[in-house]
Amino acid sequence: MPKAVQKITLSPSRDIPFNKLVLSQSNVRRVKAGISIEDLADDIARRTLLQSLNVRPVLDADGQETGMFEVPAGGRRYRALELLVKQKRLAKTAPIPCIVREAGAEISAEEDSLAENVQRVALHPLDQFRAFQTLREQGRSEEEIAAIFFVSVNVVKQRLRLASVSPSLLDIYADDGMTLDQLMAFTVNGDHARQEQVWENVSKSSYDEPYQIRRMLTEDTVRASDKRAQFVGIDAYEAAGGIVLRDLFEHDDGGWLQDVPLLDRLVTEKLKAEADTIAAEGWKWIEVAVSFPYNHDYGFRQLEGTPADLTAEEQATIEALQAEQAKLEAEYQTADELPDEVDARLGEIEEALSAFDNRPHIFDPAEIARAGAFVSIDGDGTLLVERGFVRPEDEAPVDQTGGEEGNDPESHVDGEPSSSAVRRTVITVGGSQPEAEDEEDDGIKPLPDRLVMELTAHRTLALRDAVANNPHVAMTALLHKLCTDAFYTAYTPGCVEALVRHVQLPVQAPGLKDSASAKAVDERHKAWVADMPDDETALWDWLAALDDVSRSALLAHCVSYGVNALFEKADRYGGNGVSSHGLRRRLDQADRLARAVNLDMVEAGWRPTVENYLGRVTKSRILEAVLEAKGESSAQLIDHLKKSEMAKEAERLLDGTGWLPEPLRLAEASSASNDSRATAEPLPEFLDDDDDEAGEAGEDEQPHAVAAE
């Protein structure tokens, strides 16, 4: 006969009054973990006990049961019940459901306690996400769910966001096909189709880091920190139907604006509305753009306005703010670090005082009638209005008696008699269009001419700033130019125009005017303007009275405006452009000047981005840059990507490496002389192409104005 299988007998359960229970010293849990006893007590009070206690009879010295029971498994529940009793929320004799083990059982109390904790399987995160989602669908608010499970509201939002990811991706996560960090990255964009498309791409390559997933899901968006978004305001954008993508798991600087065309339309409308308001001041013209290039006002005469008078109330406010500022600074003068609230208050005071300093200027109405203004967005997203610029063609003609003709704004408009005193302001709204992406990747080709022009424009500006800060080099450069003109008969254009002509930057990358070099040059120029006499006839005496240090600094500043390190297409036909020899000479002298001031374009603020370099060159050039800066292993990480993705990833890899393209590098000194007696070297490889010719017909002709005047 087959042997009968012995049946398992489960330990009986019974209700035991709480005052008959004691905590066993056999409980293996010693370290506090999980939610607090207080939170567990509140949860038991809300939903009662979900799991019975595991108890054993307490025996006396003779081995007889005493009527008391110890709790080796369920100690935290016991302490939570004990707290409820102390709070008088539970009766001392309240029956507690227990599983009663036999006294002296073969399995020890310690083993039971360990088994209860070790064999318990934690809930899979996905099950928790979906459970939170179910509670939400049942009508529970996020705040209620957070209160029930003793977590923050943000944690609930995160769990609900994870549960909203594409079901197919959740299944992959459940099967351990992706990490939790990767799943969190997919929550930045709620488009399931796009999520699945991105996963399809990244899962087949090593290009699957969470930050890469986030970037791919937000590549066609605009950061909330972008000055356009700051100008319009997130609330206005959302009110117009725009969607903001948010990352609940990492700092996202306010998220990403998904509808870029809508944002651009709102920006244009708001700028136009601001321009309409400013037009009421009587300006002849207003140009409107998101931003203007560096030195966009060159050749315009700027009107001298006077700040609007302060009212008695405004003056009192200024004095009160200054007094408060002085008091706080004196009080914390010896402190190593300012308290946060004091630091914040000082910042508010400085901002308020700055607003008074930057109050609008008052201009002569007759001048306003022929002048205009530029309206754009400043780097911090605030409105930037530059008033009082007169175009050369709008200057009033001078009659033979020395007076100005047509000075009456009511008499002429654009040179024609006006039948009315009312003049309509011409508002021009402009902007730049992005260049079409070039997907070609056929080897290391010469850099595009326009790109080299933009790079050398940035280098020229940085070189000007460096020369202006080094009077010795500036004096050397000036003397070199004067000696070249005096002692060398074969005149060719050089790096410094000693007239000094202000060399313009006709081709430049967006944002050049916000660079550190541009700001330094502008601030220095404004400081000199503030010190100089308004009357040019008094300039000589003012210059004569300067000390040597100031004279040297001023000379350096003036000479720096003639620095011309620009690349441009050589004129092979002896026309109005620069010859190949002249261009080579200019670039050689620019290299020498850069070495003299130890120019470092990395310190000057340039770094490779998709906009200023990586998105403008071939894939081979991108890989070459990463290979030089990060090594072969990093280049291999991106060599399989499409150009747009490769450029974005290369920008991240190159950040902080100090890598520079050839036009921006500090060239090594050549053993050959760079003066007019030396033979010109060929253009560098990054500029050389089949269209260039070594010999030029007009090498020895007198120079023409190149991107100057």
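Of the 709 residues in the chain, 38% are buried (under 20% relative accessible area with a 1.4 Å probe, counting protein chains only; over 50% is exposed, and partly exposed lies in between). The model is a predicted one, with pLDDT of at least 70 needed for local features and 80 or more for side-chain atom pairs, while totals for chains, interfaces and linings take in all residues. Residue numbers start from 1 along each chain as its sequence is written, and side-chain values rest on heavy atoms, with hydrogens and water left out.

Overall, the chain runs to 25 helices and 17 strands (DSSP runs numbered from the N terminus: H or I of at least four residues for helices, E of at least two for strands). Among contacts (heavy atoms within 4.5 Å) with a separation of 6 or more, 75% link residues 24 or more positions apart.

Now to helix H1, residues 37-47, where the buried residues are Leu40, Ala41, Asp43 and Ile44. These sit within an arc of 160° when seen down the H1 axis, so they line one face of the helix (the arc is taken from the directions from the helix axis to the C-beta atoms). Their packing partners are helix H2 (75-86) and helix H5 (142-148).

As for strands, S6, S8 and S7 make up an open three-stranded sheet in the order S6-S8-S7, with antiparallel pairing (strands pair if DSSP finds at least two bridges between them). Strand S6 (222-223) and strand S7 (244-245) are the edges, each pairing on one side only. Two antiparallel bridges join S6 to strand S8 (residues 256-257), and Val222 has Leu257 in S8 as its bridge partner.
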